[in-house]
Amino acid sequence: MKGLFAAIAQMVERKPPLPGALGQLSENPVAMAEILLLFRMVLADGIVQPSQLTAFERICEQHFGISPRDMPELHGLLDSPKARSCEAEAFTLLGQLDTGARTTLLEAMVRIADANAVRDERDDKLIRRIAHLLGLEPGLAAVKEQE
């Protein structure tokens with residue numbers, strides 16, 4: 001019985017807050033939803049391509065201030081119950097972004113898709129679907145990216 005209580009205590013025990021940008025991210029459900037959507041782009045074809053993962057990590061550093069050395073912790077955070085909760089509400093959360101921020105997010109998804117030598121049909125399908133859900137034209141990001 002004592003082992004059961006110890007196991008329950010470990011499950012509900014608060015973990016120390018994450019430092020820096022990861023800590024801020026873990027407390028910002030909208031930013032978490034953005035990163036989850038970007039990571040979904042990496043996984044669109046079912047294979048994690050190193051070039052797409054690198055593009056994802058660059059975008060995380062440029063737009064969210066997450067250092068390359070924090071990537072293992074970011075991937076752990078993306079697999080946490082908090083992230084799963086944000087993912088379930090992603091489009092409600094992302095609806096809080098203005099059109100410019102939603103367009104920037106879609107452009108980042110296109111950058112991840114284009115990081116692979118050949119853009120997969122599943123990448124294009126996901127971009128079109130997300131553009132629709134964000135209330136954007138899918139061609140908008142592709143055109144801006146090529147300019």
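Trainee: Which residues does Leu-74 touch, not counting residues up to four places away in sequence?
Mentor: Leu-74 touches Leu-22, Leu-25, Ile-35, Phe-56, Cys-60 and Ile-66. A contact means heavy atoms within 4.5 Å. This is a predicted model: local features need pLDDT of at least 70, side-chain atom pairs count only at pLDDT 80 or more, and totals for chains, interfaces and linings use all residues. Residues are numbered from 1 along each chain as its sequence is written, and side-chain values use heavy atoms, with hydrogens and water left out.

Trainee: How many helices and strands does the protein chain have?
Mentor: The protein chain has ten helices and zero strands. Both are DSSP runs, numbered from the N terminus: helices are H or I with at least four residues, strands E with at least two.

Trainee: What makes the span of helix 3 agree with its length?
Mentor: The expected span is 1.5 Å times one less than the number of residues. Helix 3 covers residues 29–42, which is 14 residues, so it should span 20 Å. Its end C-alpha atoms are 20 Å apart, and that agrees.

Trainee: Why is Asp-79 called exposed?
Mentor: Exposed means over 50% relative accessible area, buried under 20%, and partly exposed in between, with a 1.4 Å probe and protein chains only. Asp-79 has 56%, so it is exposed. Asp-79 sits in the loop between helix 5 and helix 6. Its C-alpha atom is 9.6 Å from that of Leu-36, 43 residues apart along the chain.

Trainee: How many residues of helix 3 are buried?
Mentor: Twelve of its 14 residues are buried, so helix 3 is mostly covered. Among them are Val-30, Glu-34, Leu-36 and Phe-39. In the protein chain, buried residues make up 38% of the 147 residues.

Trainee: What caps the N-terminal end of helix 3?
Mentor: Asn-28 does. One of its side-chain oxygens lies 3.1 Å from the backbone nitrogen of Val-30.

Trainee: Which residues have the most contacts inside the largest nonpolar core?
Mentor: They are Leu-25, Phe-56, Ile-66 and Leu-74, in a core of 42 residues. Such a core is a set of buried Ala, Val, Leu, Ile, Met, Phe, Trp, Tyr and Cys residues joined through side-chain atoms within 4.5 Å. The elements giving two or more residues to this core include helix 2 (20–26), helix 4 (50–64) and helix 8 (99–114). The largest share, eleven residues, comes from helix 3.

Trainee: What share of contacts joins residues at least 24 apart?
Mentor: In the protein chain, 73% of contacts between residues at least 6 apart in sequence do.

Terms used: Polar contact = N/O pair within 3.5 Å; in protein donor to acceptor, adjacent residues only side chain to side chain.
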